[in-house]
Amino acid sequence: MRELILTPTYGEYEFRWLREYGAVYRIKACFGETRIMVSDPAAMQFILMSGHFGTGPTLENGARLLYADGSVFRAKEEEHKRLRAVLNAGFSAGAVRKYLPIFERAAHSLTEHFEHLSGELIDVVPPFGRATLGTTSEAILGCSVDDLGDDFITNNLQLLSLASSQSPSGIIFDGLSRWIPPSIYETAIYLPVAPFTILRRAKNLAYELGKTVVEDIINAMRQKLENTGGFYGELVEQYHAADGKRTLNKRGIIAQTSLILIAGQDTTANTLAFGLVELAQNPGLQEKLRIEIHDAMSNSSARDIAYENMPLLNAFIKEVLRMYPAEVFSDRVARQDTVLPLSEPITTSDGKQTSQLPVPKGQILMFAIASYQRLQSRWGEDADTFRPSRWLDGGGVLKGEAMGPYANLLTFLGGSHTCLGWRFALLELQVFICELVGKFEFSLPPDGPARCRYGGTVLPALPDGKKGAVLRVKRVM
């Protein structure tokens, strides 16, 4: 696990193991435990769709610490289906399209920020993080990032810093946590140590913020004032207009706040940063993309840009999502004795070949998204190379059955646990990239590009290992 997680650049060992051992192999975890790394497409599809696997201890324990009881992330079985059905209304294609003005205002704010610093070296991650937090809070809660309050913003930064730090002791704690009863684990959040204090405050502040937002919406409705509460406002109206079975009550709405504000904002900001770093390393690609953006904007009104009809833009986004999935792996645990089907046979330790793998109840699997998205059998011999043209020429794109909700990628997972906000993230990336690349040139600093490091998710890292991506930003239009 140490080699998997604590390398200076993520994937130094994992991608080597993928080439050496294939898409299914065992790794040693803490205290003699063995986990199975799985990036075989047929096996991953079975894990997602069969119902034989549940979320593993790392995800379960993290959710207990950070998300309120009643959050869709913590819900199981039928309750999980019900909550997803209700919440999906705020993240459907039509709903996300309504958020376009919010994304555009945030993109214009980034332009204003960068204009004052044109020609300078800038760490682009902090302004991207604030922008994506702002779009989420405005679209879903109906409030600006300033309305979130200084306490929430400060603690949110501390939480992101905590999540981005990894250490050997953290790996040991993760290994121990699967044996700790949930009741004790939830009590641990009240221990007077810094990490638990940050987690506790994050959970409490999000709940109080959600409570304030919902109560303000209810009071506005009573006074017959305009509902400006974003998607939360729609949920409150639905609850008061329906029988409650297909809606969320006040407490149910509030319980989603921590997940909504925390889950998407940092991952989208990091994806955007990785994309610009890749463009800075490839000025020719950057210029081609800028030309496509200018052509699309010159042929469209300000409110009628057909982002989906920009082939290079979307090929570029797909390639960034392929190479830099926010969640590089996710632990899953077998709920019962089962058998994994394999798309390609493997050789067992006793020299036999097999196209299926018995998995006993309780076995933890590492659902290896980053490895899957570098399989040469799926993406071509240059699967480790950043090449957006693979999505245009068709020569290096997925071979095999479809996976995930978008572009056969698992960046947004799939099945019943597909990321609710995947359409939200895509449109936000399209708007931000068009605005920024259309108006600015991005180039590398003297000490080279940010590297990719693991810190709960993959994140851009500076030479000293801290989170960040420094680029020289120059106005060109």
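User: Which charged end sits over the ring of Phe-440?
Analyst: That of Arg-475, 5.4 Å from the ring centre. A charge counts as over a ring if NZ of Lys or CZ of Arg is within 6 Å of the ring centre and within 35 degrees of the ring normal. Arg-332 also lies over a ring face, that of Phe-367, at 5.9 Å from the centre.
User: What should I know about the model and numbering?
Analyst: The model is predicted: local features need pLDDT of at least 70, side-chain atom pairs count only at pLDDT 80 or more, and totals for chains, interfaces and linings use all residues. Residues are numbered from 1 along each chain as its sequence is written, and side-chain values use heavy atoms, with hydrogens and water left out.
User: OK, ring pairs. How many aromatic pairs does the structure hold?
Analyst: There are 21. Rings of Phe, Tyr and Trp (its six-membered ring) pair if their centres lie within 6.5 Å; planes under 30 degrees apart are stacked, over 60 edge-to-face, the rest tilted. Tyr-21 and Tyr-25 are a tilted pair because their planes stand at 50°, with centres 5.9 Å apart.
User: Is Tyr-25 buried or exposed?
Analyst: Buried, at 9% relative accessibility. Buried means under 20% relative accessible area, exposed over 50%, partly exposed in between (1.4 Å probe, protein chains only). Tyr-21 is partly exposed at 48%.
User: And what about Phe-91 and Phe-231, how are their planes set?
Analyst: At 70°, so that pair is edge-to-face, with centres 6.2 Å apart. Phe-91 is buried at 10%, and Phe-231 is buried at 1%.
User: Which rings cluster with them?
Analyst: Ring pairs link Phe-91 and Phe-231 with Tyr-99, Phe-103 and Phe-424.
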